[in-house]
Structures are given as structure tokens and as C-alpha cells.
Amino acid sequence: MATTEAKSAAAGQGGSAAEHGWTTDGLPLGHGSVVGEPMGRAQWDSGICDCLGRNDEFCSSDLEVCLLGSVAPCVLYGSNAERLGSSPGTFANHCLPYTGLYLIGNSVFGWNCLAPWFSYPNRTAMRRRFNLEASCCFWGLDEQGSCEAVNRSCGCIGSCIEDEFQLEQCETACDFSTHVFCHPCALCQEGREIRRRVPHPGFKPQPMLVMLPPGYQTMARQP
């Protein structure tokens, strides 16, 4: 009889946990330590139109990013790729082809329409590395205009996408459209994000040896 009551109580607890989204260990179902549960997606540190960044310790870096994105996007793109790849020659391998496509696009078509085809995979790689929500310049500026924000508000994305592969294709298309139609803003957003997450490859902090003086010692009296 006691065993039956114990099983009923355990079942009741389990049903309550499932009903309210908690495990028997007291953890929410969305918690990262629950085996099999996907980790939550992080939001971008700044919105795509926050060109001047935020007033924090990276304020001067945000202004530099805004200036480079407006005057020399090839340098900003190469710098972003260098921080993301952290391998020798990354800057030149990305900056020089971008410059060529930039010049051809502006000379032939009158606007920078070729370089975004070359630069948008960098945004996709950054989003996958830092587990960021896919943002698109066409959607609202609240919550950084992410796909997840639109899905939470109207549920239109979840009803059209059936699996993770289709979701990744949709987010990659968002990365591409953001680079085509909001290219300078996309580069600046990526620059602000990666400078807050990854130090420059040339920065190598030197280890410091700290010498501590010995503690105060007293001589014990002999009896």
C-alpha cells in the first residue's frame, strides 16, 4: 500500500514537472544542463542600426567600427575575418578580394552589389560560432530584429519550417539579404559583436609573476 502511494506521489510530481516545464531535479526544461535539451540562442550585443554602438568600455572601438564601415568597408571586413579566423594571412585573403569586388560593383553597376555575395558567409560563421539568433534588416528593431523574435510574436516561421536544416537555410538567407540590402550596417554590427567576444590575434598578454612578501612570523618562547 505504501509503495503504491509512493508511486502515485512520484507520478504526481512528474506530471506537475511536465506540466510546469520543470524536471524532477528542479531544473527548467530549457536549462542547458538537461541532456537532450537545445541551448538557448543568444542575441546580438547591439542592433543592426546601432551604428554608434553603446556607451561602455568599447565606445571608442564602436566609433572606429562605424568609421571603417562608412569609409573603408574592405578594411572592416578583413579585420572581422581576421578576428574570427585567427590565422596568418586571413586579413589579406579577405580584404583584397573584397576590394576587387567592391570596385567592380561600383564601377559597373553603380553600387556595391558584388561584395555582399563574398562577405555574407562570414556572418553565418559568426552566428554559428557564438550561437546567435539570425537577424534580418527587414524585421523590427526590437530584440535585434531576429528570426526568433518574429517567430515568438506571430509564429509564422515555425509553421513554415519543418526541421533544423530548413531553419538553417532560412537563417542563411537572412544573412545574405542583410548583407545585400544593409551591407554597411551588417559589417558594423559584426565588428561590434566580434570585438566584444574575441581579442585581436596580435594581442598576446604576457604572464606576470607576482612576488608576495612572507607573512609576519614570531619566535615562540622556549619554556
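Author: Let us begin with burial: a residue counts as buried under 20% relative accessible area, as exposed over 50%, and as partly exposed in between. By that cut-off Asp175 is buried, because its relative accessibility is 1%. Please note that this is a predicted model.

Reader: What percentage of the residues of the protein count as buried?

Author: Of the 223 residues, 35% count as buried. The protein exposes about 14000 Å², and carbon and sulfur atoms supply 62% of that area.

Reader: How many helices and how many strands does the protein have?

Author: There are 9 helices and 0 strands. Read from the N terminus, the order of elements is therefore α-α-α-α-α-α-α-α-α. As for the contacts with a separation of 6 or more, 63% are accounted for by residues 24 or more positions apart.

Reader: How should I read a salt bridge, and how many does a search of the whole structure find?

Author: In general, side chains of opposite charge can pair when their charged atoms come close. In this structure the search finds 10 salt bridges. One to examine is that between the side chains of Arg123 and Asp175, with an N to O distance of 3.8 Å. Since Arg123 belongs to helix α5 and Asp175 to helix α8, this pair ties together parts that are 52 residues apart in sequence.

Reader: Is Arg123 buried or exposed?

Author: Arg123 counts as buried, because its relative accessibility is 0%. Arg123 also forms a salt bridge with Glu190, where the closest N and O atoms are 3.1 Å apart. Here the partners lie in helix α5 and helix α9, so the pair ties together parts that are 67 residues apart in sequence. Both Arg123 and Glu190 are buried.

Reader: Which residues are linked with Arg123 in a network of salt bridges?

Author: The network links Arg123 with Arg41, Arg127, Arg128, Glu168, Glu171, Asp175 and Glu190.

Reader: At what angle do α5 and α9 pack, and how far apart are their axes?

Author: For a helix pair, one reads the angle, the axis distance and the handedness together. Helices α5 and α9, the latter comprising residues 183–197, pack at an angle of about 35 degrees with axes 11 Å apart. The crossing of α5 past α9 is left-handed. On the α5 side the contacting residues are Pro116, Ser119, Asn122, Arg123, Met126 and Phe130, and they meet His183, Ala186, Gln189, Glu190, Glu193, Ile194 and Arg197 of α9.

Reader: What is Thr172 in contact with, leaving aside its neighbours within four places in sequence?

Author: Thr172 has its place in helix α8, residues 164–181. With those neighbours set aside, Thr172 is in contact with Tyr120, Thr124, Arg127 and Arg128. The C-alpha atoms of Thr172 and Ala134 are separated by 8.0 Å, and these residues are 38 residues apart along the chain.

Reader: Which helix holds Pro73, and is Pro73 buried or exposed?

Author: Pro73 lies in helix α3, residues 73–85. Pro73 counts as buried because its relative accessibility is 9%. Apart from neighbours within four places in sequence, Pro73 is in contact with Leu68, Tyr98, Tyr102 and Leu187.

Reader: What is the phi of Asn131?

Author: Asn131 has a positive phi of about 55 degrees, although it is not a glycine. Asn131 is placed in the loop between α5 and α6. At 29% relative accessibility, Asn131 counts as partly exposed.

Reader: Finally, which residues form a nonpolar patch on the surface?

Author: The patch consists of Ile104, Val108, Phe109 and Trp111, which together have about 440 Å² of accessible area. Trp111 is found in the loop between α4 and α5. Because its relative accessibility is 45%, Trp111 counts as partly exposed.

Terms used:
Residues are numbered from 1 along each chain as its sequence is written. This is a predicted model: local features need pLDDT of at least 70, side-chain atom pairs count only at pLDDT 80 or more; totals for chains, interfaces and linings use all residues. Side-chain values use heavy atoms; hydrogens and water are left out. Patches are made of residues with over 30% relative accessible area and no salt bridge: like charges are joined within 9 Å, nonpolar side chains (Val, Leu, Ile, Met, Phe, Trp, Tyr) within 5 Å. Accessible areas come from the Shrake-Rupley method with a 1.4 Å probe; for residues, only the protein chains shown count as cover. A salt bridge is a side-chain nitrogen of Lys or Arg within 4 Å of a carboxyl oxygen of Asp or Glu. Helices (H or I, at least four residues) and strands (E, at least two) are DSSP runs, numbered from the N terminus. Buried means under 20% relative accessible area, exposed over 50%, partly exposed in between (1.4 Å probe, protein chains only). Axes are lines fitted to C-alpha atoms, for helices over the stretch in contact, and angles run from 0 to 180 degrees between N-to-C directions. A crossing is left-handed if the near helix is turned anticlockwise from the far one by less than a right angle, and right-handed if clockwise. Contact means heavy atoms within 4.5 Å.
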